[in-house]
Amino acid sequence: MTAQTLVDGYDTLLLDLDGVVYLGRRAVPGAPEALEQARAKGARLAFVTNNASRTPGAIAQHLTDLGVPAGPEDVVTSAQAAARLIAEHVPAGSAVLVVGGMGLRTALRAHGLRPVTTALDEPAAVVQGISDTLSYGLIAEGALAVRRGAWFVAANGDATMPTGRGELPGNGSMSRVIATATGVEPVVAGKPEPPLHRESMIRTHARRPLIVGDRLDTDIEAATRAGVDGLLVLTGVTTPLDLLTAAPHHRPTHIAADLGGLHAAPAEVRREGGGWSCGGWTARWEGRQLTLDGGGDPVDGLRAACATAWEAAGDGRADEDAVKPALTVIGL
């Protein structure tokens, strides 16, 4: 049966947080209302984040304060995925050196592992996650332990993280210090790697999940790897130009301006007149350039343009100069 609204087609929403539900300490406009409406329709909400700095309880309290009621059981973090991954590879009760915050320590203890802060404890593994109190001394201890043979795990590989002030260095950038100093690449637990999606499936028992995010290289690639649908919202990192030039594994199933798109009818992107149409827009690839005609919702124009650009690019990526004129037409 065809879903009346997008959310009707799924039993669980696996929601990224930064850039989707909130930006720093404030909610994305309309996000609390859209999520409450989704919950009222029977969808389970699971908040899946690559941020390993805070505990699920702290994240749930933050969400509740922003008008999105949540408990610790509704939150799935890269710290939890990393802890499970480590617990499956080292003996029970092993010492693990934590280059990060309380979120990692709490997750490790939940799996019977012992968080430590010095290489002198001979840890079986080193796990790194972003923390605003991360010190050179702790990074140095992590490097010493990795050099001595400890298994190196990064909670996530995000080069940046969105905040209310702009994009700041993420754990992927910080973990390069240990990787560069030791010559050892970390095993990554967070999106788009499989461990975090596996953790989400274990925790939610989802049968028809929709991954919702703002990043192509984490959220949407995670959906592609898992073989499930992905919704890209334009409230975070990804720009319309990023979408038009996306590689195949970064192309979302759905595109929406924000979480309000969950409650609109699924967009109908259809072949028409040698191009692709959506709403009042029609896009075509003419010569070496993407053209777009029509009017109406700019996101419909972006959807039509993406379908056309992706078809023309095939297994590659569309040229930026070839697609930029279309963005000018729709004002994005």
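Modeller: Let us start with the second largest cavity, whose lining divides into five nonpolar, two polar and two charged residues. Here Ala, Val, Leu, Ile, Met, Phe, Trp, Tyr, Cys and Pro count as nonpolar, Asp, Glu, Lys and Arg as charged, and the others, Gly among them, as polar. The model is predicted: local features need pLDDT of at least 70, side-chain atom pairs count only at pLDDT 80 or more, and totals for chains, interfaces and linings use all residues. Residues are numbered from 1 along each chain as its sequence is written, and side-chain values use heavy atoms, with hydrogens and water left out.

Biologist: Which residues line the second largest cavity, and what is its volume?

Modeller: Rolling a probe the size of a water molecule over the atoms shows where empty space is left. On a 1 Å grid over the protein atoms alone, a cavity is a set of points where a 1.4 Å probe fits but cannot get out, whereas a pocket is an open set with protein on both sides within 12 Å along at least five of seven lines; lining residues have an atom within 4 Å of a point. Points are joined across faces, edges and corners, and a volume is the space filled by probe spheres set on them. The second largest cavity has a volume of about 70 Å³, and its lining consists of L14, V48, K191, L196, H197, S200, I211, D219 and A222. Helices (H or I, at least four residues) and strands (E, at least two) are DSSP runs, numbered from the N terminus.

Biologist: How many cavities of 30 Å³ or more does the structure hold, and which residues are closest to the centre of the largest?

Modeller: The structure holds three such cavities. About 150 Å³ of space lies in the largest, and of its 16 lining residues D18, N50, N51, D158 and M161 are the closest to its centre. Its lining comprises three nonpolar, eight polar and five charged residues. Strand β10 (residues 160-163) supplies the largest share, three residues.

Biologist: What lines the second largest pocket?

Modeller: That pocket, with a volume of about 310 Å³, is lined by 20 residues, of which T253, H254, I255, A267 and R303 lie nearest its centre. By class, the lining has 15 nonpolar, three polar and two charged residues. The largest share, five residues, comes from α10.
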